[in-house]
Amino acid sequence: MDQIVQFVQKSDVNATLVAVFGAIGAAVIALKTISFLKVLVDVFVRSGINLKKYGAGRGGWAVITGATDGIGKEFASQLASKKLNVVLVSRSMDKLKAVAEEIEQKYNVETKVFAMDFTNADDAKYNALKQVLDPIEVTVLVNNVGTNHEIPTPFEEETDAIVHNIIEVNVKAAMKMTKVVVPQMIARKNGLIINLGSFAGLVPTPYLSVYSGSKAFLSSWSQAIGAELAPQGVHVQNVNTYFVVSSMSKIRRSSLLIPFPKPYVKSVLGQIGISGGASTPSTSTPYWTHAIANWLIDNAFTRTFWVDQNYKIQADIRKRALRKRDRETNKNK
Ligand SMILES: NC(=O)c1ccc[n+]([C@@H]2O[C@H](COP(=O)([O-])OP(=O)(O)OC[C@H]3O[C@@H](n4cnc5c(N)ncnc54)[C@H](OP(=O)(O)O)[C@@H]3O)[C@@H](O)[C@H]2O)c1
């Protein structure tokens, strides 16, 4: 009889445990499903803050760094198409003038150009730019300029020059440009700062360690200043970018995961104030396939798994890049 009672009690405990773990499992699956559906709603259904809030069509100016090529040039064009005047900043005056002329003719907005090399810009250069920007109403800043390792390289082998350039361009330029324009944004209680982040900042990327670290800085710094500046009317958005066709990515053909700059920038500007696939504050992953990839990174497997994946991908790219380098050296012999 005692054995029967014990058996019944044991099966009651087992049934309760199964019910509790089943309920927890169902709740976890439900929460994950809801968070995935939210990503889809964000990228396919919701519209972001209208750029009219940031001066479009009423004399506001957008400042874009790295504005003569790739993603930055596309930002300049699309912001101008929304009737923002644009200030283009890059190294080459010839390219700046050509892009400005194209934009003025196409979109009938005002443009200004300012040539500077962010790898060696000193305080005097940033002050000279401030003199250009202080008299105009800067409502949007796109911290787009960026530079990368030439090829995936072990940290101990990377040159000091490349490490210096990545820090100056990806880290210091974003901070210094923000310091140049944010006082006037705060004074008007209105402004938008878009920082070009990367998946390399989301998941540490072996062999691109300094670039990866610079984008992780951008992510963390954007979240921190995003919280500081929100009560002052300035919205900060770090955009998590996977690959985009450009000279930096060295990718020429687009695919489901790798858009051209045009659809990519359209997704960024269409989702101001919306997180898309991102799970951190002041951050957005707006392009739909990037958003799903971001969700997977945050919700499936461990961070160690994703770092290992990045390691394998970059080790393979490095092998191919070194073979290409060897071929070119042999050709020139
Ligand atoms: N493409 C991607 O797959 C990808 C992925 C993740 C994140 N991102 C980020 O997106 C941003 C733009 O990348 P992108 O692919 O569009 O680059 P890109 O096609 O190489 O264009 C870079 C732009 O920056 C300017 N520039 C480069 N170095 C400069 C310097 N030292 N000083 C001033 N201007 C400089 C270039 O013009 P000049 O040569 O005339 O100066 C050009 O206008 C970067 O922050 C990058 O990290 C890109």
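I started with the network: Lys38, Asp42 and Arg46 are linked by salt bridges, a salt bridge being a side-chain nitrogen of Lys or Arg within 4 Å of a carboxyl oxygen of Asp or Glu. The model is predicted, so I kept in mind that local features need pLDDT of at least 70 and side-chain atom pairs count only at pLDDT 80 or more, while totals for chains, interfaces and linings use all residues. Residues are numbered from 1 along each chain as its sequence is written, and side-chain values use heavy atoms, with hydrogens and water left out.

Next I looked up the total: the structure holds 11 salt bridges.

I then went to Arg58 and Glu137, whose closest N and O atoms are 3.6 Å apart. Arg58 sits in the loop between α1 (2-44) and β1 (61-65) and Glu137 in the loop between α4 (123-133) and β4 (138-143), so the pair ties together parts 79 residues apart in sequence. Helices (H or I, at least four residues) and strands (E, at least two) are DSSP runs, numbered from the N terminus.

For burial I used relative accessible area: buried is under 20%, exposed over 50%, partly exposed in between (1.4 Å probe, protein chains only). Arg58 is partly exposed at 46%, and Glu137 is partly exposed at 27%.

Asp123 and Lys176 also meet in a salt bridge, 3.6 Å from N to O. Asp123 is in helix α4 and Lys176 in helix α5 (residues 160-188), so this pair ties together parts 53 residues apart in sequence. I found Asp123 exposed at 52% and Lys176 partly exposed at 30%.

Last, I checked Lys172 with Glu168, at 2.9 Å between the closest N and O atoms. They are four residues apart in helix α5, separated by about one helical turn. Glu168 is buried at 12%, whereas Lys172 is partly exposed at 32%.
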